[in-house]
Amino acid sequence: MNLVKINSEMCKECGYCINFCPQKVVLEKNTDINKKGYYPAMVISMKDCIACGTCARVCPEAAIEVFKDYEEQEV
């Protein structure tokens with residue numbers, strides 16, 4: 001499965017990731033406010049993510065990381 005990690009404390013609610021996601025899986029505004037007073041983006045459907053990385057490339061704050069074929073490692 002692909003993984004999109006959003007650093008909610010770095011997000012400034014610009015909406016670029018929401019507007020440019022080709023699958024419209026990323027993102028919608030979260031209901032929680034971060035320390036800077038913004039509503040950070042969040043992923044709404046990770047299973048539909050194609051890991052194209054567009055959201056990470058358009059983020060001016062570099063708050064998004066995309067991992068293709070991510071497998072959670074057991075500890």
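How many positive and negative side chains does the protein chain have, and how far apart do the centres of the two sets lie? The protein chain has 9 positive and 11 negative side chains, with 8 Å between the two centres. Lys and Arg count as positive and Asp and Glu as negative, leaving out His and the chain ends; each charge is placed at NZ of Lys, CZ of Arg, CG of Asp or CD of Glu.

The model is predicted: local features need pLDDT of at least 70 and side-chain atom pairs pLDDT 80 or more, while totals for chains, interfaces and linings use all residues. Residues are numbered from 1 along each chain as its sequence is written, and side-chain values use heavy atoms, without hydrogens and water.

**View 1. Order of helices and strands in the protein chain.** Two helices and four strands are present, arranged along the sequence as β-α-β-β-α-β. Helices (H or I, at least four residues) and strands (E, at least two) are DSSP runs, numbered from the N terminus.

**View 2. The largest nonpolar core.** Twelve residues form this core, among them Leu3, Val4, Cys17, Cys21, Met46, Cys55 and Ile64. A nonpolar core joins buried Ala, Val, Leu, Ile, Met, Phe, Trp, Tyr and Cys residues through side-chain atoms within 4.5 Å. Buried means under 20% relative accessible area (1.4 Å probe, protein chains only). Of the 75 residues, 32% count as buried.

**View 3. Surroundings of Ala63.** Ala63 is also a member of the largest nonpolar core. Leaving aside residues up to four places away in sequence, Ala63 touches Lys5, Ile6, Asn7, Met10 and Cys11, where contact means heavy atoms within 4.5 Å.

Note on methods. Buried < 20%, exposed > 50% of the residue type's maximum accessible area, 1.4 Å probe, protein only.
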